[in-house]
Amino acid sequence: MVSVLILAAAGAAVAVLLLALRLWVVLHSRVLEPRQSLSLLVVAGSGGHTTEILRLLEHLSNAYSPRHYIIADTDEMSAHKINSFERNRADRDPSTMVLCNGPGTCVPVCISALLLGILGIKKVIIVYVESICRVEHLSLSGKILFHLSDYFIVQWPALKEKYPKSVYLGRIV
């Protein structure tokens with residue numbers, strides 16, 4: 001009986017070690033290949049988040065298509081804005097990129113996307129754009145996703161100084 005418990009504990013330790021190794025490989029293999037197109041998953045938040053993300057999308061080329069959105073069930077205004085923005089889009093290809101800008105709902109989506117890579121199912125690029133209203137400190141979503149995103153974009157030089165891994169492009173919305 002004791003030998004069975006020892007064997008089970010050793011197996012569990014090996015499984016945890018392999019999972020930790022896979023997580024490290026996914027987080028540190030950030031080599032991205034140029035592509036003709038890239039499907040896009042956009043996480044919309046209520047209030048100004050939807051307006052900001054739609055302004056971002058206005059400046060993306062058609063190479064970022066199809067576009068898929070995650071919207072809270074209770075956020076009818078964002079759904080209306082997105083429907084009018086995307087009237088002619090109806091593709092259902094699996095997404096390979098997540099673009100988000102701070103709503104709390106984007107955290108579980110990004111973690112799920114990261115899990116796809118950890119499990120070896122699909123590499124999903126996570127691009128996080130910190131909201132324009134965050135001048136000196138990151139939002140809670142930003143603090144969480146700073147370490148998990150492939151690209152972390154800030155819109156103020158003070159944030160670039162505090163978070164050197166971030167990308168400062170100036171004001172983009």
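Are Y128 and F152 buried or exposed? Both residues are buried. The points below concern a predicted model, and they begin with the aromatic residues.

1. Aromatic pairs. The structure holds three aromatic pairs. In the pair formed by Y128 and F152, the ring centres are 5.0 Å apart and the planes meet at 15°, so this pair is stacked. Y128 belongs to strand 4 (residues 125–129) and F152 to strand 5 (residues 151–154); the pair thus links distant parts of the chain, 24 residues apart.

2. The pair of F146 and Y163. These two residues form an edge-to-face aromatic pair, with 5.2 Å from centre to centre and 65° between the planes. F146 is located in the loop between helix 5 (140–145) and strand 5, and Y163 in the loop between helix 6 (157–162) and strand 6, so the pair ties together parts that are 17 residues apart in sequence. F146 counts as buried because its relative accessibility is 9%, under the cut-off of 20%. Y163, at 21% relative accessibility, counts as partly exposed.

3. Y128, F146, F152 and Y163 are linked into a cluster by ring pairs. The ring of F146 also has the charged end of K165 over it, at 5.2 Å from the ring centre. F146 therefore takes part in a ring pair with Y163 and carries the charged end of K165 over its ring.

4. The salt bridge. How many salt bridges does a search of the whole structure find? The search finds one. D150 forms a salt bridge with K123, and the closest N and O atoms are 3.2 Å apart. The pair links distant parts of the chain, 27 residues apart: D150 is in the loop between helix 5 and strand 5, while K123 is in the loop between helix 4 (106–118) and strand 4. D150 has a relative accessibility of 12% and so counts as buried, whereas K123 is partly exposed, with a relative accessible area of 33%.

5. Surroundings of V167. V167 lies in strand 6 (residues 167–168). Leaving aside residues up to four places away in sequence, V167 touches F152, I153 and V154. One of these contacts, F152, is the residue whose ring is stacked with that of Y128. V167 is partly exposed because its relative accessible area is 30%. V167 and G120 are 47 residues apart in sequence, and the distance between them in space is 27 Å, C-alpha to C-alpha.

6. Helix 2. Which residues of helix 2 (residues 48–58) are buried? They are T50, E52, I53, L54, L56 and L57. The buried residues of this helix pack against strand 1 (40–43), strand 2 (67–70), helix 3 (76–85), strand 3 (97–100) and strand 4.

7. Nonpolar surface patch. V14, L18, L21, W24 and V25 form a nonpolar patch on the surface, and together they have about 500 Å² of accessible area. W24 is placed in helix 1 (residues 2–28). W24 counts as exposed because its relative accessible area is 52%, over the cut-off of 50%. In general, an α-helix has 3.6 residues a turn, so residues three or four places apart point the same way.

Note on methods: Residues are numbered from 1 along each chain as its sequence is written. This is a predicted model: local features need pLDDT of at least 70, side-chain atom pairs count only at pLDDT 80 or more; totals for chains, interfaces and linings use all residues. Side-chain values use heavy atoms; hydrogens and water are left out. Helices (H or I, at least four residues) and strands (E, at least two) are DSSP runs, numbered from the N terminus. Buried means under 20% relative accessible area, exposed over 50%, partly exposed in between (1.4 Å probe, protein chains only). Contact means heavy atoms within 4.5 Å. Patches are made of residues with over 30% relative accessible area and no salt bridge: like charges are joined within 9 Å, nonpolar side chains (Val, Leu, Ile, Met, Phe, Trp, Tyr) within 5 Å. Accessible areas come from the Shrake-Rupley method with a 1.4 Å probe; for residues, only the protein chains shown count as cover. A salt bridge is a side-chain nitrogen of Lys or Arg within 4 Å of a carboxyl oxygen of Asp or Glu. Rings of Phe, Tyr and Trp (its six-membered ring) pair if their centres lie within 6.5 Å; planes under 30 degrees apart count as stacked, over 60 as edge-to-face and the rest as tilted. A charge sits over a ring if NZ of Lys or CZ of Arg is within 6 Å of the ring centre and within 35 degrees of the ring normal.
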